[in-house]
Structures are given as C-alpha cells and as structure tokens.
Amino acid sequence: MAASEMAALLFLFTALILLRSSFVHSQGLQIGFYDSYCPDAEDIVRSTVEQYYVKDATIAPALLRLHFHDCFVQGCDASVLISGASSERSAPQNFGLRGFEVIDDAKSQLEAVCPGVVSCADILALAARDTVDLTGGPSWSVPLGRRDGRISLASGANALPSPADPVSVQRQKFADQGLSDHDLVSTRL
C-alpha cells in the first residue's frame with residue numbers, strides 16, 4: 001500500500017474515531033487529565049509509537065485498527081487488550097490484530113514513572129492519534145481519563161462490522177454505536 005493510500009485510510013478511520021470519541025467525552029474525559037499526575041504521559045506514548053513506527057510503518061494502521069476494534073465493542077476501555085481463551089482478543093473478528101507490544105511497552109514505561117496512573121485505554125487512544133499524525137494525517141487533542149475495562153468477552157466482538165455482512169446489518173451495527181450511514185461509507189472507502 002502506498003504511503004498516500006495509507007494516509008487516506010488512516011484519515012478516514014480517524015474521522016470515525018473522532019465521532020466515537022464525542023461519546024466518551026460525555027463520560028467526564030478532559031484535555032490535560034494527566035498534567036498534574038503524570039505530566040510526561042503523552043510524550044512517553046508518542047516516543048514509544050515513534051520508535052515502533054520508524055522500524056515498521058505498518059504499525060500505524062495496525063494501532064488505529066486496534067483502537068477501532070476496542071472502541072466499537074463496548075467503548076474505548078482497552079478490553080481488547082485482555083488475553084484469554086474467551087476474550088475479545090481471541091474472537092475470530094479480531095484475528096490479525098497487532099500492535100499489542102507497542103501498548104505494552106508504553107504502559108511499562110509509564111508504570112516506571114507514574115505507577116498506577118495512566119490507563120491502557122488512554123494509551124491506546126493516544127497511540128491511535130499519534131500514528132495518524134506520524135503518517136501525515138491530522139493531529140488533535142485527546143480527552144483523557146478513560147478507565148480500563150475488566151470484562152472482555154469474545155462474544156462482544158460480534159458487534160464489529162464485517163465485510164461479509166449485508167449492508168443492512170452493517171448499517172444497524174453502526175447505528176447501534178450512534179454512528180450514521182455516512183460514517184459507514186467513510187470507513188469502507
């Protein structure tokens with residue numbers, strides 16, 4: 001895939017993520033959430049993403065896809081990161097997801113500086129934003145303060161749209177997430 005095609009794809013997914021983030025903003029998220037408790041959090045995530053991106057540029061769409069799959073199931077709660085035989089991560093719909101090591105690495109670095117402060121859900125949201133920016137797409141301020149989910153069920157991944165789904169099913173899956181037909185078409189381009 002050419003760099004311009006990758007950037008265009010990332011931009012389209014970004015639009016969907018931004019629309020989805022308006023939902024989580026109503027959950028008490030705020031810009032600068034970690035400014036007092038872990039002021040270097042965003043820089044640590046950014047530098048971690050950059051290190052992986054320099055080694056393998058395909059990590060950018062992988063991280064954005066990982067964030068999309070997390071948010072679409074039960075909100076942006078990092079439940080897709082939980083391992084287990086019956087977890088979201090093990091669901092057939094999530095086959096091929098990658099980028100877990102980037103989130104794990106950023107989390108380890110953050111735990112060394114600010115133990116127990118920064119959620120994996122926020123790390124994943126920041127990583128998605130940073131990958132879009134690194135590929136030449138837009139950047140934005142990410143409202144933070146998400147809490148990590150503790151429940152992760154493979155059956156939850158049934159909410160994810162599939163290329164094999166009829167259009168009517170895809171429309172319903174997007175509507176169930178508060179998204180429109182326009183959002184559906186934008187992600188399919």
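What covers the buried residues of α2? The panels below take up this point, beginning with the core.

**View 1. The largest nonpolar core of the predicted model.** This core has 36 residues, a nonpolar core being a set of buried Ala, Val, Leu, Ile, Met, Phe, Trp, Tyr and Cys residues joined through side-chain atoms within 4.5 Å. Val45, Leu63, Leu66, Leu81, Ile103 and Leu110 have the most contacts inside it. Two or more residues come from each of α2 (41-55), α3 (59-74), α4 (100-113) and α5 (120-134); helices are DSSP runs of H or I, at least four residues, numbered from the N terminus. The largest share, 9 residues, is that of α5. Another core, of 9 residues, lies apart and includes Phe68 and Leu184.

**View 2. Surroundings of Leu63.** Beyond its neighbours within four places in sequence, Leu63 is in contact (heavy atoms within 4.5 Å) with Val49, Arg98, Gly99, Val102, Ile103, Leu124, Ala127 and Thr131.

**View 3. The two sides of α2.** Ala41, Ile44, Val45, Thr48, Val49 and Tyr52 are buried, that is, under 20% relative accessible area with a 1.4 Å probe, protein chains only, whereas exposed means over 50%. Seen down the axis of α2, these residues fall within an arc of 125 degrees, so they line one face of the helix; the arc is taken from the directions from the helix axis to the C-beta atoms. The exposed Asp43 and Val54 sit on the face turned away. The cover over the buried residues of α2 includes α3, α4 and α5.

**Notes.** Residues are numbered from 1 along each chain as its sequence is written, and side-chain values use heavy atoms, without hydrogens and water. In this predicted model, local features need pLDDT of at least 70 and side-chain atom pairs count only at pLDDT 80 or more, while totals for chains, interfaces and linings use all residues.
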